[in-house]
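Visitor: I'm new to this one. Can you put it up and take me through some of the packing?
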Amino acid sequence: MEHLTTSVAVLGGGPGGYTAAFRAADLGLSVCLIEQYDRLGGVCLNVGCIPSKNLLHGAALIEEARKGRERGIVFAPPEIDLDAFRNHKESVVRKLTDGLDALCKARNITRLIGRGTFVDRTTLLVTGQDSETKVRFTDVIIATGSHPMALPNCPDDPRIWDSTTALALTSIPKRLLIIGGGIIGMEMAQVYGALGAAVTIVELQEQIIPPADRDLVEPLLGTLSKNYALFTRTRVTAITAETEGIRVALEGEKAPADGLFDAVLVAVGRRANTRGFGLETVGLQPDQQGFLTVNAQQQTDIPHFYAIGDVVGEPMLAHKASHQGKVAAEVIAGKKTAFAPMTIPSVAYTHPEIAWMGLTERDAKAQHIAFVKGVFPWSANGRALCSGAEKGLSKILFDKQSGRIIGAGICGHNAGELIHEAVLALEMGANAEDISKTVHAHPTLAETFAFAAEMVDGSITDLLPPKKGG
């Protein structure tokens, strides 16, 4: 058995973990980065954000080619080489993960491949394929991520997928059922739908992508309802593996009694990885939802134990994890800092995209915050019309008392890129006049954000101004 001593041990090599390790090393600390898989990047780079965006881009190319006929540009039906499609995805993942390896080496970070388990409050046992290493640390950052949730009483069958299996893209089922109308489910629906699968979607709640306001979801809903069988307020009551397929019994107002599918994707959420690596040994207890409680410096109840990313709760987003990783590393290095963002943006990379930040209308009403709203439809935007992206909108909420922006949402092409102006506006405390008087290039989709502000301050000219008092 080998022995190693380090200032900082980082358990988990995803976006939060590698960011924490890199920042700590840059601040002069000795760092050991522990990841059970041979590639850094965690779920995000390997079986999540990056491969899904690669597949979504391919799906978008197929859809754009089909829409070309509307403009007088006719393409032959696409020939899909599934192996090449999958290999391109893997090449992108490999390029990014190889880059992380190079950055790790350049920073002289000790990297261990294996599963880390706490022996006591200053020691981790890392068990690799052929070796064991005891790592003695001064501080530790827990960045172990999350895993897909499974349905209870679900048979063990290779035709029942989680998101990792769906992203492996080994085959295109003729009939695909997606259980869960959240971001992962909707993205995979559009990938497999573009590749030729007949897609059925069931969602327990009253709308798809439940965290977003309904008006943001409506343009996407219109697209989905034309191409897929979509059932909201519908629950799965039974799943049975049969020779001919997976039989699923459904219960809902408009849902069929049951259906037979060649594959079923379960996309009903994720659970934090807070079990199985010895937290009970050191006296750390996850809460009822399975999350670790931390303060603004990312410290747990044990001051030299830090936790970041999915293991500390919602939102389970890579960009949250990476920022928390920097905070943890900086606190360990003696800097006075805290994780205190005013908002964390969320994006569904569907077609059209949906992005939101700050308070939704539902949030504001629940918190009894009076607000004024500006909405600009993309059907009145030249760039959107030129690019066939007119089914979208930009929306901003302003606090009625202070006038400052408190929330925003965008549905449309590249909404995930456009939303960050809203994030910065919220962080800087902007009001409607600040945004409307900021000169935006024309013709752009970004103009729609300024126009939404103009709807509130009354300076809109691209539409009729709203009636006073309306």
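This is a predicted model: local features need pLDDT of at least 70, side-chain atom pairs count only at pLDDT 80 or more; totals for chains, interfaces and linings use all residues.
Visitor: In which hand does helix 1 pass helix 9, right or left?
Guide: The crossing is right-handed, where clockwise turning of the near helix from the far one by less than a right angle is right-handed and anticlockwise is left-handed. Residues are numbered from 1 along each chain as its sequence is written, and side-chain values use heavy atoms, without hydrogens and water.
Visitor: At what angle do helix 1 and helix 9 pack?
Guide: Helix 1 (residues 15–26) and helix 9 (residues 318–332) pack at about 30 degrees, and their axes are 7 Å apart. Helix 1 is therefore roughly parallel to helix 9, a label for angles under 35 degrees. Axes are lines fitted to C-alpha atoms, for helices over the stretch in contact, and angles run from 0 to 180 degrees between N-to-C directions. Helices are DSSP runs of H or I, at least four residues, and strands are runs of E, at least two, numbered from the N terminus.
Visitor: Which residues in helix 1 meet helix 9?
Guide: Among them are Thr19, Ala20 and Arg23, and the helix 9 side includes Ser322 and Gly325. Contact means heavy atoms within 4.5 Å.
Visitor: New topic. What is the strand order in the open sheet?
Guide: The order is 18-19-22-21-20, with antiparallel pairing; two strands pair if DSSP finds at least two bridges between them.
Visitor: And which strands are at the edges?
Guide: Strand 18 (346–348) and strand 20 (371–377), each pairing on one side only.
Visitor: Which strands does helix 12 lie across?
Guide: Helix 12 (residues 415–428) lies across strand 18, strand 19 and strand 22, at about 10 degrees to strand 19.

Technical notes. Angles under 35 degrees count as roughly parallel, over 145 as roughly antiparallel, 65 to 115 as roughly perpendicular and the rest as oblique.
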